[in-house]
Every structure is written in C-alpha cells, then in structure tokens.
Amino acid sequence: MGPEEMARLWDEHTAGEFALRDVDATMATMVPEPSVVHLPTLIGAQGQEGVRRFYAEEFIGEGAA
C-alpha cells in the first residue's frame, strides 16, 4: 500500500470514528486481526470481536454498532 492509499484509508477510518460515529465503517478500514489500545485510559481490545465491542461500547458509544 502506497502513501496515498494509506492517507485515504486513514481519512476513512477517522471519518468512521468521529464524523459518522459508525462502528461498521470504522471496522471496514482495519486489518483482519486488529488490536487497539487507548493510551490515556490503557483500555483496548484484540481481534475483530473485541475491537468491535471496544468501539461500540467504549469509544464510539453504546448502540452505535
């Protein structure tokens, strides 16, 4: 993946998180086995199910999935 494609993917990812607040759109930008750590709180998750739950319940908000 080149720099332009990476930038486009990052834009899609952050739009899913912050503009759309859409768990599915955010998850669509991730690798098959993602992991996430929210450094200020040291919480996070691994794998599709865990990361989806993290975004739905902790980061984007409950009911967003």
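1. Helices and strands here are DSSP runs, numbered from the N terminus: helices are H or I with at least four residues, strands are E with at least two. A second term is pLDDT, the predictor's confidence in each residue, from 0 to 100. With those in hand, helix α1 (residues 3-19) has the highest mean pLDDT among the elements, 97, and strand β1 (residues 35-38) the lowest, 94. The protein as a whole averages 92, and 94% of the residues score at least 70.

2. A word on how to read the values. This is a predicted model, in which local features need pLDDT of at least 70 and side-chain atom pairs count only at pLDDT 80 or more, while totals for chains, interfaces and linings use all residues. Residues are numbered from 1 along each chain as its sequence is written, and side-chain values use heavy atoms, with hydrogens and water left out.

3. Let me start with Thr26, which sits in helix α2 (residues 23-27). Is Thr26 buried or exposed? Thr26 counts as buried because its relative accessible area is 0%; the cut-offs are under 20% for buried, over 50% for exposed, and partly exposed in between (1.4 Å probe, protein chains only). Not counting residues up to four places away in sequence, Thr26 touches His13, Gly16, Glu17, Tyr55 and Ile60, where contact means heavy atoms within 4.5 Å. A polar atom of the Thr26 side chain also lies 3.3 Å from the backbone oxygen of Gly16.

4. His13 deserves a look next. This residue of helix α1 is buried, since its relative accessibility is 11%. His13 and Thr26 are 13 residues apart in sequence, and their C-alpha atoms are 5.2 Å apart in space. Leaving aside neighbours within four places in sequence, the contacts of His13 are Thr26, Thr29, Met30 and Tyr55. The His13 side chain makes a polar contact with the side chain of Glu17 at 3.0 Å. A polar contact is a pair of N or O atoms within 3.5 Å; within protein, one must be able to donate a hydrogen and the other to accept it, and residues adjacent in sequence count only if both atoms are side-chain atoms.

5. Now to the charged pairs. Side chains of opposite charge can pair when their charged atoms come close. The structure holds four salt bridges, each a side-chain nitrogen of Lys or Arg within 4 Å of a carboxyl oxygen of Asp or Glu. In helix α1, Glu5 and Arg8 are three residues apart, about one turn of the helix, and their closest N and O atoms are 2.3 Å apart. Arg8 also bridges to Glu12, at 2.0 Å between the closest N and O atoms; these two lie four residues apart in helix α1, again about one turn.

6. Which salt bridge links distant parts of the chain? Asp24 pairs with Arg52, with the closest N and O atoms 2.7 Å apart. Asp24 is in helix α2 and Arg52 in helix α3 (residues 47-59), 28 residues apart. Arg52 counts as partly exposed because its relative accessible area is 29%. As for shared partners, Glu5, Arg8 and Glu12 are joined by their salt bridges into one network.

7. Finally, the surface: Val37, Leu39 and Leu42 make a nonpolar patch of about 350 Å². Leu42 is in the loop between β1 and β2 (43-46), and counts as exposed because its relative accessibility is 68%. Patches are made of residues with over 30% relative accessible area and no salt bridge, joining like charges within 9 Å and nonpolar side chains (Val, Leu, Ile, Met, Phe, Trp, Tyr) within 5 Å. Accessible areas come from the Shrake-Rupley method with a 1.4 Å probe; for residues, only the protein chains shown count as cover.
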